[in-house]
Amino acid sequence: MKHHHRTALRAGAIAGASLIALAGCSAGGAEDPDAAAEAGGELTIWAWEPTLEAVVEAYEAENEGVDIELVNAGTGNDQYTALQNAIQAGSGVPDVAQIEYFAVPQFAIAESLADISDLGAADLDGTFAPGPWNAVSQGDAIVGMPMDSGPMAMFYNEAVFERLGVAVPTTWEEYVQAARDLRAADPSVSITNDTGDAGLATSLMWQSGAEPFAVDGTTVAVDLEGDAARYAEIWQPLIDEELFAPVTSWSDEWFAGMNDGTIASITTGAWMPANLETGAPDAAGDWRVAPMPQWEAGGAASAENGGSSLAVTADSEQAALAYDFLEYATTGDGVQIRLDAGAFPATTADLESQEFLDVEFEYFGGQQANQVFADSSANVVDGWSYLPYQVYANSIFNDTVGQAYVGDTTIVDGLAAWQEQIDAYGEEQGFTIE
Amino acid sequence: MSAPVIVPGVTGRRPSSLRPTSERARRRRPAGMRHRRRSVPLTILMGVAVVYTLLPLVWLLINATKTQADLFSTFGLWFGGEFALFDNIGRVLAYGDGIFGRWLLNTLLYVVVGAGGATLLATLGGYAIAKFRFRGRSAAIAVVLGAVAIPGTALAVPTFLMFARIGITDTPLAVILPSLISPFGLYLMWVFASESIPDELIEAARVDGASELRIFASVCMPLLGPGIVTVLLFTTVATWNNYFLPLIMLRNPDWYPLTIGLNSWNNQATTAGGDAIFDLVITGSLLAIIPLIALFLLLQRFWQSGLAAGSVKE
Amino acid sequence: MTSTTRARRAGAPRLAGLGFLAPFAIVFALVFLAPIAYALFLSLFADRLVGGVQFVGLENFGSILSDPRFWSGVGNVALFLLVQVPIMLFLSLLVALAIDSGRVHGAAFVRLSIFLPYAVPAVVATLMWGFMYGDRFGLVRGFNELLGTSVSSPLAPDTVLAAIGNIVTWQFVGYNMLIFFAALRTVPASLYEAAEIDGAGELRVVTAIKLPAIRGALVIATIFSIIGSFQLFNEPSILRNLAPNAITSYFTPNLWAYELSFSGQQQGLAAAVAILMGILTAVIAYLVQLRGMRREQR
């Protein structure tokens, strides 16, 4: 109830901002996407997602007049940096950019993204899973199309759990105990790795039902000391007892650890299978997927981790054409192309389709893992929102909360420090901090 | 860290060409010293230093022969089960439609134009400072040396915004233009020109009525040879290793130099669906340093004599 | 006639001098001076997500100078400067003197081997050492298994500065060595002959002849190492992916300026950090040079 009220407030405040954004590209906005595709033209797209290449090729084959330049302008923050630079310089801005959900509000509040509701996105309510759809809906405006999603699950190395005689945890309490048991049975094994990851921490808060970031137009209220700190109950003992592998995610040591079984599980988004297949090939057949551990036994609460949208930039002079491609890639034939290449969908039709649910993952020993992911997607906790400057906030996570991992402080104190710096930055940037 | 600077015993005061020629002509290595007894402890000490510097390169060489699986599972300083060097090289060259080759060509372009241009500008400028007295000369020196102290990384944004305004970001020009300036190259050529070109030689040519350009080209250039080679080598290293500037300026991988390309390979595993290719990063790194090392070995006679600036003059 | 010719003669070199310097000067103005001027300009403004660009005068400088993160970064590079630079320069000098003494077997090989890391791009060097530093799968684990030790990865907060120092030393020890070696080669032989006649020992030759002779090279190498230390960026920036807690976003002032401008979009603050660091570096480099010159005059 509480967050409905807040969303409404936010809607009003951002609607004002998006009107201005709309006014800037009303010429493109009035055009019909199908007609634009017919007429042809050139598009520049910045994205790092590997499956998009095939989508672009298929789209070009279907629309002969359209020429798309797909540029990998860097992964994640590197690309945001480039995009912000280009926007600031007012030149070299692509028509379409891949933007992760947590970064969408930041670009939306800076009015860097076009409102695509009038181009047809307004009719798509219900097409996408609620988590991703909420992320691209900024008030009345729709500033992007969900490309994929990351409902969370626990990936675990069943062979290791079996060998060491440890039961797969279903609650966070069991998880801590399993971490201890695994370590006791084999000192080289850790239940998972962590060195402080803002994305994971915020997802854990999300799953626990906390809403640390309340955003209402340009008023921001941050509360990282209340409900949000609950995840520390689980994480702090794991740090204190040195049960985490002190390995940073995505490093060579991380892949090596998943490959040789010393990292026994990863709780993350449903896009993970493709990474496991290429990064931990030796462990094929050993891994399985289980629902995320729960706060209450028998619960099914979940959260999103990662996932990106495709957005049309406010500077694009080809908004209608860009939208036509977006539609193709995120709701049209492009979806199947991307699913075939291993991507995880954000569209409800695919999440519910029998064909999708029946897919057997060879890597997971034939398990129909999509069923776990689809359940997770349906159980993502409502009401979460990111800060309008989450990219910056995440960049200082390790300066504050991260220090708990190297023994200088605790997660709870780290969260307080994080909040302090988030507030200070917000104030400096002209937000009203409550 | 620090960029190229080579200094034949000079600072603060103007590089001196006034030392008695007789003294300078009689350089080191008299017969008596060449045949000195070798010291075993000293050699061992140097051996330790050599192990320290070569160990990482050996590590790189060994690991370039491994498959990704062996990379994760075998001891770093010995070979894995499978000798996959040639396979790795083949995959590096083929990966992403052979983009590694494109990066190599880009790097060569940046080196030839950037380092070549930087050397030319530094040679002309160093010669001017060493051999001419004109208004603003001391100011120019002070400004160049002072500007070196400003951290380049923090100037990247202003530079980027300026370049964006004139529309050259994401083009080779954005990488080449800034690499045309080598303050250290200027400094070296200043010192070198002071030491190796006698004022009398220039005066004599002027009396003969030769134009300044002609004096520079046919009288002075030959004397500056070793210095030019040295500056060229150091600017080549600087351009070959250039990382930060292209990182900011370039968005299209088609224009990446090797350094940025390799880093992007290293980062590409960090995303949903990304392909982890640490084996290719390692082999690619090896391929990226081989040309430079080869160049050093081939040209070492030149740059070593260039470094020992004073000793060139007979 | 004669007087005009003479006047032209006297004037020609002046103009020619400017002409020779002009290409360098023009490009220098474009890629160095203009961005510095622009940075000065930017440092007077704040660009806010809400409210846009506002003139703030010297406020940015005030908030940087009163921010403990700035001083923490300055402290780190100062420590780096005081520890890494002397070690590196001492090693460089030691090797240069050893090779110059003519008493080392395979001197040419030694010289070249130690110089080689200079040809390795900082990116590659850091990726390489990053792989090797790993205590779970890297070389550190390999050695632990081999020797039965339990050394942990040097990428922990207490040791990460040393780990970076090691990479920088590895890259530049040979480069500085070569500078010293080249300077040593310019020492006139007559001085050695005189020393030999006086019966001076090896150590005496080093302290009385060689070191004074290359003082200039030492001063310059020190100055550029100072500049390099204050600008420390590539190594911590790349290692941050492996050690995000040990290397904070304000680990060095330059890294912080980068984070301010790219993660925080705070161009004004970033420009202020750049300018403050530039002034600080220039002052210290100037003091070192003064000191070096004074000694020379003594």
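Student: What percentage of the 434 residues in chain A is made up of buried residues?

Tutor: The model is a predicted one. A residue is taken as buried when 20 or more other C-beta atoms lie within 10 Å of its own. Of the 434 residues in chain A, the buried ones make up 59%.

Student: Which radius of gyration does chain A have, and why does it agree with that of a compact globule?

Tutor: A compact globule with 434 residues would have a radius of gyration near 22 Å. Along the principal axes, the C-alpha atoms of chain A fill a box of roughly 65 × 50 × 40 Å. The radius of gyration of chain A agrees with the globule because its value is 22 Å.

Student: What share of the contacts in chain A with a separation of 6 or more comes from residues 24 or more positions apart?

Tutor: The chain in question has 21 helices and 13 strands. Contacts in chain A with a separation of 6 or more form the basis of the count. Within that set, residues 24 or more positions apart account for 78%.

Student: Which residue of chain A stands opposite A:R288 in β11(A), and which stands opposite A:S265 in β10(A)?

Tutor: Opposite A:S265 in β10(A) stands A:Y156. Opposite A:R288 in β11(A), the residue is again A:Y156.

Student: What radius of gyration does chain C have, against that of a compact globule of 298 residues?

Tutor: The C-alpha trace of chain C spans about 85 × 75 × 35 Å along its principal axes. A compact globule of 298 residues would have a radius of gyration near 19 Å. For chain C the value is 25 Å.

Student: How far apart do the C-alpha centres of the two domains of chain C lie?

Tutor: Chain C is divided into domain 1, residues 1-42, and domain 2, residues 61-297. The secondary structure of this chain comes to 13 helices and two strands. Between the C-alpha centres of domain 1 and domain 2 of chain C, the distance is 35 Å.

Student: Which element of chain C gives the largest share of the side that touches chain B?

Tutor: The contact takes 95 residues from chain C and 89 residues from chain B. On the side of chain C, the residues divide into 69 nonpolar, 22 polar and four charged. The largest share of that side, 21 residues, comes from residues 2-42 of chain C, helix α1.

Technical notes
Residues are numbered from 1 along each chain as its sequence is written. Chains are lettered from A and ligands numbered from 1 in the order in which they are written. This is a predicted model: local features need pLDDT of at least 70, side-chain atom pairs count only at pLDDT 80 or more; totals for chains, interfaces and linings use all residues. Domain bounds come from an automatic or database domain assignment. Two residues are in contact if their C-beta atoms, placed from the backbone, lie within 7 Å. Helices (H or I, at least four residues) and strands (E, at least two) are DSSP runs, numbered from the N terminus. Ala, Val, Leu, Ile, Met, Phe, Trp, Tyr, Cys and Pro count as nonpolar, Asp, Glu, Lys and Arg as charged, and the others, Gly among them, as polar. The radius of gyration is taken over C-alpha atoms; the globule rule is 2.2 Å times the number of residues to the power 0.38. Two strands pair if DSSP finds at least two bridges between them. A residue is buried if 20 or more other C-beta atoms lie within 10 Å of its own, exposed if 12 or fewer, and partly exposed in between; C-beta atoms are placed from the backbone.
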